[in-house]
Amino acid sequence: MLKSATALCALCLSALSAAYAAGDQVVIGDIDDMSGVYADVGGVNAVESINMAIADFGGTVLGKKIVLLSADHQNKPDIGASKFREWADQSGVNMVLGGSNTGVSIAMSKVAAAKKVPFIAIGAGGSSLTGADCTPYTIHYVYDTTALGNGTAGAIVKEGGKTWFFVTADYAFGTQLQDAASKVVLANGGKVLGAVRAPLGTTDYSSFLLQAQASGAQVLGLANAGTDFENSLKAADEFGITKTMKPAALLVFITDIHALTLQTAQGLYLTTGWYWDLNDETRAFAKRFFAKTSKEPTMDQAGYYSSTTQYLKAVKAVNSTDPDLVMAELKKTKINDMFAKNGYVRADGLMVHTMYVMKVKTPAESKYPWDYYKLVRTVPGEEADGTQPDPACVMPKK
Amino acid sequence: MTTVFGVPLPAILGQLMLGLVNGSFYALLSLGLAVIFGLLGVVNFAHGAFYMLGAFAAYIGLQAFGVNYWWALLLAPLAVGLLGIIIERLFLRHLYSIDPLYGLLLTFGMAWIAEGIMRGIYGASGKSYPVPHALQGGFNLGFMVLPIYRAWVVLASVTVCGVTWALIERTRLGAMLRAATENARLVQSFGINVPVLVTMTYGAGVALAALAGVLAAPVVQVSPLMGSSLVIVVFAVVVIGGMGSILGSIVSGLVLGLVEGLTKVVYPEASNIVVFVIMALVLIWRPSGLFGRE
């Protein structure tokens with residue numbers, strides 16, 4: 001009896017201390033693909049980015065210790081959402097980042113709204129995150145399908161690539177990306193001759209590519225990402241399809257190009273929200289990042305650093321971690337750092353900033369390791385994402 | 001243009017050709033699984049991981065030691081097969097006398113470990129392996145361009161499958177193997193070292209998976225995840241062919257490749273489940289598989 005009473009007391013003491021601790025620290029959570037197809041894009045190296053941002057703040061804000069939690073969502077919406085809920089209920093999480101994979105991010109944003117915890121979506125592309133699926137607590141930071149479609153499809157259509165065929169990843173992200181690009185193609189007098197939806201994680205794309213070739217389209221639109229993109233471009237190269245069609249990659253990360261090598265990827269058009277070799281500021285960040293990871297950062301990994309910093313600045317500015325105060329501060333402050341110049345969070349939650357249309361260099365043009373892109377066009381944020389908030393976004397009345 | 005069910009004939013021919021290529025991979029992988037299950041009774045869930053390790057062995061050989069593709073075809077299966085032999089000696093053989101589920105769990109766990117280690121070192125996006133110089137380019141078949149390399153894959157796979165089948169069904173060694181699985185003690189009493197036979201069989205099955213990995217390396221991105229996405233399909237192929245049936249695994253591998261190819265024309269979204277639908281149907285009508293013995 002005495003024993004169990006002691007045990008019970010120990011239990012309530014530890015519960016007390018946990019509750020106390022939650023109020024005594026600022027907790028940042030990162031829920032991301034740590035082991036699957038998108039693990040190289042964000043993953044454990046993104047945790048490194050967040051840690052860099054926390055370290056730059058001296059590890060504390062408002063006199064409280066900053067604590068980082070991280071978890072693998074395994075590309076499963078239910079895992080991402082339940083982890084978020086658990087942290088909100090038990091760990092007193094103040095802000096959550098990540099969610100690579102649109103399906104997972106949509107599920108996580110619902111939890112963000114229910115628990116009133118700011119959620120900065122990084123890595124997911126789906127523009128519905130700040131459209132039909134928007135919430136007062138979601139910020140979409142690095143890029144969205146609208147900007148990608150406008151950037152890449154816009155550039156190629158203007159160069160005369162009028163007829164398109166899409167190979168699309170068969171889930172929310174792929175279809176939204178295809179829709180965004182199709183809109184741009186049609187608006188510029190082009191035509192979409194067809195599309196085929198390939199299941200996520202397909203390894204053999206040759207069948208789909210043969211259908212693309214049979215359509216007679218000029219442009220092969222690849223509305224997929226990560227390993228899916230790599231395998232589809234590789235097969236297009238092998239089957240000689242890149243000789244007759246111009247490949248347009250709608251979402252490419254520098255790690256993809258690194259994995260494919262310039263030999264296969266050369267000449268490819270793509271749109272990116274950030275590139276490590278843009279200017280002295282980006283190079284300085286990349287150098288620090290490289291020292292820790294032996295890789296140049298992707299746009300997402302840079303976005304993790306930038307958004308964590310902006311969040312902590314906002315907390316400091318309002319002298320509170322109150323979600324509503326912090327969100328209001330984030331939405332009214334311009335973002336000026338190594339990631340964005342004069343970027344701002346629109347009413348619907350989209351972080352509007354400059355995008356870059358790039359062309360992948362040939363092996364001969366590349367002068368040093370990771371020297372992969374040449375800048376084709378700088379696309380101002382308003383041109384990439386429009387000047388008005390997404391009308392599909394209806395915020396709940398307060 | 002001639003059409004079949006509204007689909008142009010050239011498109012169908014092209015997809016059948018590609019189905020044959022994929023079917024060759026299925027056949028080679030399911031063959032190794034069938035050999036291991038048929039002779040050892042082990043459900044080798046690590047098969048996809050050995051396939052992945054075969055591809056990485058080729059990649060590492062090329063990058064670190066300058067081993068070319070042709071040598072890799074020989075050396076990578078040997079190296080990975082040796083790893084299989086070590087695993088069989090150290091772990092698997094302790095599980096033969098108990099429920100097959102334990103072998104399944106052990107190999108499943110090992111697959112995760114192998115995948116995790118490779119992901120830690122090489123990352124999820126994987127690496128590129130170039131198509132060997134002699135096999136670059138393609139044949140123009142009229143309805144499509146068939147890369148020479150893919151034609152080679154079909155040829156190599158069908159040859160290896162044929163040789164393996166003949167070895168097991170038509171030679172004295174094969175007869176000993178089959179006898180050992182029926183009654184190990186009796187065969188041992190004839191002075192044949194059954195444990196060594198079993199170890200070598202596992203090594204050979206693993207080497208077949210690694211060979212498939214080397215063949216796949218120039219076609220797909222060499223990535224730590226390449227095996228896990230394939231192994232489930234290959235298991236379905238083995239179940240459809242009949243667990244442990246050598247001929248069944250080869251034939252159903254090729255046929256399912258073709259069926260999948262056709263699905264990609266008719267209804268692409270279903271291309272990754274059609275094999276499982278067929279598996280379900282086969283299990284309902286013939287639970288022991290198309291070529292399995294009741």
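This is a predicted model: local features need pLDDT of at least 70, side-chain atom pairs count only at pLDDT 80 or more; totals for chains, interfaces and linings use all residues.
1. Start with the core. The largest nonpolar core has 227 residues, and A:Val167, B:Ala55 and B:Ala210 touch the most other members. Helix H1 of chain B (residues 9-40) supplies the largest share of this core, with 17 residues. In chain A, domain 1 (25-143 + 279-352) and domain 2 (146-277 + 355-378) both give residues to this core, so it lies between them.

2. Leaving out residues up to four places away in sequence, A:Val167 touches A:Val196, A:Ala198, A:Tyr205, A:Phe208, A:Leu209, A:Ala212, A:Leu220, A:Leu222, A:Ala223, A:Asn224 and A:Ser232.

3. Next, helix H3 of chain A (residues 77-91). I looked at its length: at 1.5 Å a residue, its 15 residues should span 21 Å, and the end C-alpha atoms are 20 Å apart, which agrees. Just after H3(A), A:Gly92 has a positive phi of about 60°.

4. Which residues of H3(A) are buried? They are A:Gly80, A:Ala81, A:Lys83, A:Phe84, A:Trp87 and A:Ala88; note that a lysine, A:Lys83, is among them. Looking down the axis of H3(A), the buried residues fall within an arc of 160°, so they line one face of the helix.

5. A:Met95 counts as buried because it has 26 C-beta neighbours inside 10 Å, where 20 or more is the cut-off. Setting aside neighbours within four places in sequence, A:Met95 is in contact with A:Ile28, A:Val117, A:Pro118, A:Ile120 and A:Tyr311. A:Lys116 is 21 residues from A:Met95 along the chain, and their C-alpha atoms are separated by 9.4 Å.

6. Last, the contact between the chains. Chain B brings 29 residues to it and chain A brings 34. On the side of chain B that touches chain A, the elements giving two or more residues are H1, strand E4 (145-147), helix H9 (228-241) and helix H10 (246-266) of chain B. H1(B) gives the largest share of that side, five residues. By class, that side of chain B has 11 nonpolar, 14 polar and four charged residues.

Methods: Residues are numbered from 1 along each chain as its sequence is written. Chains are lettered from A and ligands numbered from 1 in the order in which they are written. A nonpolar core is a set of buried Ala, Val, Leu, Ile, Met, Phe, Trp, Tyr and Cys residues joined through C-beta atoms within 7 Å. A residue is buried if 20 or more other C-beta atoms lie within 10 Å of its own, exposed if 12 or fewer, and partly exposed in between; C-beta atoms are placed from the backbone. Helices (H or I, at least four residues) and strands (E, at least two) are DSSP runs, numbered from the N terminus. Domain bounds come from an automatic or database domain assignment. Two residues are in contact if their C-beta atoms, placed from the backbone, lie within 7 Å. The expected span of a helix is 1.5 Å times one less than its number of residues. The arc is that of the directions from the helix axis to the C-beta atoms. Ala, Val, Leu, Ile, Met, Phe, Trp, Tyr, Cys and Pro count as nonpolar, Asp, Glu, Lys and Arg as charged, and the others, Gly among them, as polar.
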